[in-house]
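Dear colleague,

Please find below the structure that I am handing over to you. My findings follow directly after it.

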Amino acid sequence: MAVAKLLLAFLFLHSFCEGSNQPPRFLNYFFSTYLLIYEDTPIGSSVAQLKADDPEGEPLIYGVSGQEAMKYFVVTKETGVVWLRQQLDRETKSEMQVEFYVSDNQEVVKDTVNIQIGDVNDNAPNFHGQPYTVNIPEDTPVGRSIFMVNASDPDQGTGGSVLFSFQPPSAFFAIDGARGTVTVTRALDYETTTAYQLTVNATDQDKMRPLSRLAGLAITITDIQDMDPIFTNLPYSTNIEEDVPLGYEVRKITAIDQDLGRPRGIGYTIITGNTNSVFALDYISGSLTVNGQLDRENPLYSAGFSLTVRATELNDDRSPSRATVVTTFTILLIDKNDNAPKFNSSEYRVRITELAQVGFALPLFIQAEDKDEGVNSMFQVFLTGNNSEYFTISPTAVQGRADIRMRVAMPLDFEQIRSFSFSLYANESISDHVGFARVFIELINENDNRPIFSRPLYNISLPENTPPGTSLLRILATDGDAGTFGIVRYYFTDEPDQFSIDEETGWVVLQASLDYELMRRFTLTVLAKDGGGEETTGRVRVNVLDVNDNAPLFQKEAYVGSLRENEQTVQSVARIRATDEDSPPNNVLTYTIISVSAFPDYFRIIMVEGYAVISVIRPLDYEMVPKGMIYLTVMAKDGGNPALNSTVPVTVEVIDENDNPPEFSKQSYIIKIPENIIAGATVLLVNATDLDASREFGQASLIYSLEGSSQFRLNSRSGEITTTALLDRELKSEYILIVRAVDGGVGPQQKTGIATVNITILDINDNAPMWRDEPYNANVVEMSPINTDVISVLAVDPDNGENGTVIYSINPENPFYTINSSTGKIRTSGVTLDRESTNPRDTVLMRTIVVSAVDRGTPPLRASASTTVFVNLLDLNDNDPTFLNLPSVAEVPEGLPIGSSFFRIQVEDPDEDKNGLITLALQMGMPRLDFYLNISTGVLTSSAVLDREQIGQYQLRIIAYDSGRFPRTSTSTLTVIVLDVNDETPTFNPRVYNVSLKESVPRDHTVARLSCFDNDAGLNAELSYFITGQRSHDFRPLLNCLCSCVKKRTKTQRFSCFGKH
């Protein structure tokens, strides 16, 4: 800028010396402010047009100077149109100083324009410091921050504001959208997941075209010692042979550290169960070996060993840690066959009676045992010797130890064998493993034979007319004993009256007459007793044979039955039974009807459960039966030869029935009556008939009744139906009545006729519409498009048809809403709903809708009052922030102290809540270095000492944006003019002028043109000149610091020329 000013001063001096041509001057505003060009402006676009004015009206030529400027811009020299020739990029260069010039072919005037490059959202956020990796321990607490992702977007405003998120979201980590801080949200477990690969999405907040970029975040989980060890290859229970040598490895105990990151070594120890320390466990390897002599037959070892082993994680110095695990397992000893079976005695003796029964256990305590186990302890026990088959032993197969029971296997007889002697052996599969003992048994003589009958049952049959004194049969019993023990005598145990027995011969004789009907069978018990007192009983069965000597006998002398007329099914009228005391086939009876007084084909007789049942197989009509009585005779005949019979009379009474019900003239009566019919009016006359002829059951006996509603009454004799009260169709529009007609029958015999009466109530328009669900409140978003649903109102009219059809209308009319006249649905009309409208009438109409309702009846009825819908207009972020005092100009004196407030920006947004919450910002650029803007209060303060001579004017671009979901922004300009303070001293350039003159130069000859400038402005920059120094009176300053001679000089003179403001 200083060079440009010197150049202008030179041109000015030159033009002053050469002539009076006035240079052109630029007219464009941006030379004093700035020129804004957005970075996405296409190449070849016109970005500005230079305009200048020449006092002489000379043709002007425009251009741009400077290598960088000419790289980006080209100027049409005749028109001054500035064209973009290379793409701009605000992120590379946000502003540039471009020098344009204009020439009138005599003088060239240059001026510089501050070109601000306007931002567009053309850059996606960039991540910094990639790749992103982080190692965290698995016990990192939930909520702890573990990493911060850093990304920036060189764009400005919302396009440069970056929000972070995970794609897809993570169940274990969360990222702060604004700061990029990654925190733990769920407990981690190295043993479940050792690493997470997350994708971070950085998105700018441009509302039109947001851009985003992805980056990977690798989170590695490091293991910590937080888990106890576990045993592997469980269970460890095993079996070993009892004769294994010392040092034999029983099992390998193995445990591992569940902390997989850096697992620790394991130490093993036996806690309990190591009886006599017969096992050793290596502390490091976990090898379990035999450390002592094992013998399964040792009572301490026979049940095996239950060892409890502890595995302990070892620290780096091999010392035990607190992480342990315990397991218990069993070691059983496998038996070796090293013992022979043995008896508890070498000899057994016993005396038993010869009467010992088969299965009798001899009183001997015999025990055999093999101390081995399993198959090694199995052996066989058997008897050998003469007559050993008379006895048996159990068990014969033994495992381990058993009590041997010896039992009688065959009947013993002292007379045949008086004593037994045999050997008892216990043999194993190994030939030298044998146990041996001797057994001696002596028998005691007994009286052991009883009389035995020749037959177990003596059976005889004889007719009931056999004469007394007849010998019937002989009983015979024998006894194996000799002498008096073999003599048998016979007796009846109960001494029957009809029979006797000879005690020596055993003949049975009939003593009295028999009667089959009194006793059909005799069972006699015969006692045979020998001389030793032993007794045996036998049985004699005497069967008495029947002779047909009894006629059938009826249980009653006469039978009476009854049935009702018209019974459709087979009806039982009487059950007859006769008995015959004879036996089959003499007592088998057959029944027949031998006479019937009327309708003989209508009756039959059949046997049912021993009774002769008389049934009527066809319906009878009471009116066709004489006096209602029918007389039958029934005969019963037995099966004897010759046959015997008896007869019995049966009387059947036919009972009259009320068999005709009343019947209405119609099954259903359908009528219609108006709802305003008067009370007591006749509605209908019903009539029923009864085909029964009697007065008791016929037409004269009918009584009418009504069911279904108390609004109607029925005359019980005439059948006239009348109303009892006023009707209202809206309460009930239809009545279904049931009318009944009953005859004179009693109880179940009473007959009933039923008909229905369907009464439809015809509507009249007697009800006005009534509003439901009041009050009505609706929420509507402002600026909603046409036909947006607001709410549905409902008015109901209980009338029917047109009388109950409701028509809706908005009254008074509301330009913002429409209503469906049939459904009551209210929608927006398309007229803009502006919540922030200042028109008081529109404000009321937008928020209240008055709706009327009327029915279609004749005459139509209107609702007693209109209903009001109260609309709550929901705010839409549809208003940009508005600057109240911008654009404006603020004047600030240079040298103002840092932090001084000099302007307060006022802005408002009629939206509500966050949509109307405004934040201010200074646009990025050099001016931000000198000023600070409080984003909330709008107060501007200086952040640097202002120097007008450096920058005399600032163009501050102020951005206001609200806090809506999609923020709206406004931009305006504040021009800050720095007022001059006289703080600059006039300066000559150069400071020393050397001029050579001829001594003959005339008076008023111009000696030199001096250049002096003062950076201040206005009066502070107006200069006056004076000359000091030796012989300064020989020269005088002229306007514009021209020096001229006053006198001729003949030698060199020095003087000083001062400029003073």
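This is a predicted model: local features need pLDDT of at least 70, side-chain atom pairs count only at pLDDT 80 or more; totals for chains, interfaces and linings use all residues.

A polar contact is here a pair of N or O atoms within 3.5 Å; within protein, one atom must be able to donate a hydrogen and the other to accept it.

Asp-104 sits in the loop that links β8 (95–103) and β9 (108–118). Its side chain reaches the backbone nitrogen of Gln-106 at 3.0 Å. Is Asp-104 buried or exposed? Asp-104 has a relative accessible area of 2% and is therefore buried, the cut-off for that class being under 20%. Setting aside neighbours within four places in sequence, Asp-104 is in contact with Asn-21, Gln-22, Pro-23 and Pro-24, with Asp-54, Glu-56 and Glu-58, and with Pro-59 and Leu-60. Between the C-alpha atoms of Asp-104 and Thr-971 there are 38 Å, with 867 residues separating the two along the chain.

The second residue I examined is Val-889, which belongs to strand β74 (residues 888–893). The relative accessibility of Val-889 is 48%, so this residue counts as partly exposed. Which residues does Val-889 touch, not counting those up to four places away in sequence? They are Leu-974, Thr-975 and Ile-977.

Turning to the protein as a whole, it has three helices and 88 strands. Its radius of gyration is 69 Å, whereas the globule rule gives 31 Å for 1061 residues; the value is well over that figure, so the protein is more spread out than a compact globule. The C-alpha trace spans about 220 × 120 × 45 Å along the principal axes.

Of the 1061 residues, 40% are buried. Among contacts with a separation of 6 or more, 67% are between residues 24 or more positions apart. The protein exposes about 57300 Å², of which carbon and sulfur atoms supply 51%. As for charge, there are 86 positive and 138 negative charges, and their mean positions are 9 Å apart.

Yours sincerely

Key:
Residues are numbered from 1 along each chain as its sequence is written. Side-chain values use heavy atoms; hydrogens and water are left out. Helices (H or I, at least four residues) and strands (E, at least two) are DSSP runs, numbered from the N terminus. The radius of gyration is taken over C-alpha atoms; the globule rule is 2.2 Å times the number of residues to the power 0.38. Buried means under 20% relative accessible area, exposed over 50%, partly exposed in between (1.4 Å probe, protein chains only). Contact means heavy atoms within 4.5 Å. Accessible areas come from the Shrake-Rupley method with a 1.4 Å probe; for residues, only the protein chains shown count as cover. Lys and Arg count as positive and Asp and Glu as negative; His and the chain ends are not counted. The place of a charge is taken as NZ of Lys, CZ of Arg, CG of Asp or CD of Glu.
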